[in-house]
Amino acid sequence: MIAFPRAGGIFRHLWKAIAVLFALVILNIVYLQYQLRQSNNAPLTISRPPASEVPIPRKIWQIFFAPATARTLDKTNLYATRWVSMAPGYTYTMVSDLEASNFIDENFKSRPEIASTYHALKNPALKSDFTRYLLLLSRGGIYSDADTKPIVPLEEWVAPEKRSDVRLVIAPEYDESQDSHPKDWMHPVQFCQWTIAAAPGHPILERMVNRTIAALHWVAKQQGVTLDKADITDFNVLNSTGPVAWTEVVLESLKEMDPKIKGFSDFYHVDAPRYYGDVAVLPLESFRADWMDEYGLSWRKPRRALVRHYFKGAWRQIPLD
C-alpha cells in the first residue's frame with residue numbers, strides 16, 4: 001500500500017514556505033527603500049543659499065557630559081560622523097563639561113549670574129540643558145542630543161522660501177491627541193528640546209535662560225540653601241531646564257506672537273510646518289523618527305521625519321519603571 005502524506009502536514013509546510021517567502025519580500029523592499037533613501041539624502045548636490053541670507057548659522061552643537069554615578073553614553077556609539085556627512089559646510093562641535101564651563105565664562109561676562117548659576121550645578125542633566133540654551137543664544141546653529149541621528153540633510157529641514165525668515169526651528173515631542181500619556185508629560189502638548197535650531201540672540205532662548213536661572217534659585221530658596229547645596233529632583237529638572245519649562249516658555253512666546261493661539265490644543269495634530277513670526281513649528285514626527293522613517297518605508301502615511309532619537313542617555317535619579 002502506498003502511504004500519502006496527510007493534507008494537514010502539506011498545508012503546514014506550504015504556509016511556512018509562504019511565510020518565509022513573504023519575509024524575504026519584505027526585507028528586500030526595506031533594503032531597496034533604504035538604498036533609495038540613502039541616495040536621495042546624499043547631501044552633495046543640495047542647493048545652498050549664501051550664509052548671509054540664512055539667519056541660523058551652519059553650526060552643529062552636541063554635548064557630552066559624563067555623569068559620575070549614572071549610566072553614560074559610550075562615545076563610540078555616537079553619531080557625530082552622521083551629522084557631519086548630512087551637513088557639508090557646517091562646523092561641528094562636541095562640547096565637554098570643561099569646554100562648556102570655559103565657553104560660558106568667556107561669552108557671558110556681562111551677565112555674571114549666568115556663570116555663577118552654571119558653576120553651582122551638580123546635576124549633569126541641568127548643566128546639559130542650560131548649556132544648550134546658552135550655546136544657541138550666543139552662537140546659534142543646530143543643537144541635538146548626542147544620541148540622535150539625522151535622517152534628512154540639514155539644508156532640507158526648512159523650506160527654501162522660508163530659510164531667510166526663520167530664526168527658530170522647533171517641533172512637538174508629544175501630543176495627547178495622538179499619543180498615550182506617559183508619566184513625563186505634564187502638558188497636553190510638549191515641545192522637544194533634544195533638537196533645536198536657532199539664530200543667535202533669539203528672544204525665546206533668552207527668556208528660557210532667564211526662566212532657568214529664576215527657577216533654580218527658587219528651588220534653592222525653598223530649601224533654605226544656596227544653589228550648590230540644593231537637592232534637585234527629576235521634577236525640578238523637568239520644570240527648570242527640561243522640556244516642561246521649555247514648553248511653557250515656547251507657548252507663552254508664541255501666544256504673544258499670534259493672539260489667535262489660546263493654548264496647547266492649538267498645537268494638536270501639527271502635520272505640516274507652521275510659521276509664527278520667525279518661528280517654525282515642524283510636524284510632530286520631525287525629531288522623533290523611528291526605524292520605519294529611517295528606512296523610508298513608503299506605504300506609511302506621508303511623514304517628514306528629520307531626526308531619530310535613541311534615548312541612550314540616562315539623566316533620571318529615579319527610573320520610571
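**Packing and local features of the predicted model**

In this predicted model, the charged end of K162 lies over the ring of Y275, at 4.5 Å from the ring centre. A charge is taken to sit over a ring if NZ of Lys or CZ of Arg is within 6 Å of the ring centre and within 35 degrees of the ring normal. Residue numbers start from 1 along each chain as its sequence is written, and side-chain values use heavy atoms, with hydrogens and water left out. Local features need pLDDT of at least 70 and side-chain atom pairs pLDDT 80 or more, whereas totals for chains, interfaces and linings use all residues.

The protein chain contains 9 helices and 11 strands; these are DSSP runs numbered from the N terminus (helices: H or I, at least four residues; strands: E, at least two). Of its 321 residues, 48% are buried, where buried means under 20% relative accessible area, exposed over 50% and partly exposed in between, for a 1.4 Å probe and protein chains only. Among contacts with a separation of 6 or more, 75% join residues 24 or more positions apart; contact means heavy atoms within 4.5 Å.

Rings of Phe, Tyr and Trp (its six-membered ring) form a pair if their centres lie within 6.5 Å. Through such pairs, W83, W157 and F287 are linked into a cluster. F287 is also one of the contacts of V169.

V169 belongs to strand 5 (residues 168-170). With a relative accessible area of 2%, V169 is buried. Besides F287, the contacts of V169 beyond four places in sequence include I56, V158, I196, A197, A280 and L282. V169 and D278 are separated by 109 residues in sequence, but their C-alpha atoms are 8.8 Å apart in space.

The packing of helix 4 (residues 112-120) is described next. I114, A115, T117, Y118 and A120 are its buried residues, and their cover includes helix 3, helix 5 (124-138) and helix 6. Two packed helices are described by the angle between their axes and the distance between the axes. Axes are lines fitted to C-alpha atoms over the stretch in contact, and angles run from 0 to 180 degrees between N-to-C directions.

Helix 3 (residues 97-107) packs against helix 4 at about 160°, with the axes 9 Å apart. Helix 3 is therefore roughly antiparallel to helix 4; angles under 35 degrees count as roughly parallel, over 145 as roughly antiparallel, 65 to 115 as roughly perpendicular and the rest as oblique. The crossing of these two helices is left-handed, that is, the near helix is turned anticlockwise from the far one by less than a right angle. D97, A100, S101, I104 and D105 of helix 3 make the contact with I114, A115, Y118 and H119 of helix 4.

The axes of helix 4 and helix 5 come within 10 Å and cross at roughly 155°, so these two helices are also roughly antiparallel to each other. Their crossing is left-handed. I114, T117 and Y118 of helix 4 meet K127, F130, T131 and L134 of helix 5.

Helix 4 and helix 6 (residues 203-223) pack at an angle of about 50°, and their axes are 11 Å apart. The two helices are therefore oblique to each other, and the crossing is left-handed. On the helix 4 side E113, I114 and T117 take part, and on the helix 6 side V209, I213, L216 and H217.

N239 lies in helix 7 (residues 234-240). N239 has a relative accessible area of 16% and is buried. Leaving out neighbours within four places in sequence, N239 is in contact with M186, R211, A215, V244 and A245.

Two loop residues complete the description. S96 is placed in the loop between strand 2 (91-95) and helix 3. S96 counts as partly exposed, at 25% relative accessibility. F64 and F65 are touched by S96, when residues up to four places away in sequence are not counted.

H269 is found in the loop between helix 8 (243-257) and strand 9 (274-276). At 42% relative accessibility, H269 is partly exposed. Most residues other than glycine have a negative phi. H269, although not a glycine, has a positive phi of about 55°.

Conventions: Rings of Phe, Tyr and Trp (its six-membered ring) pair if their centres lie within 6.5 Å; planes under 30 degrees apart count as stacked, over 60 as edge-to-face and the rest as tilted.
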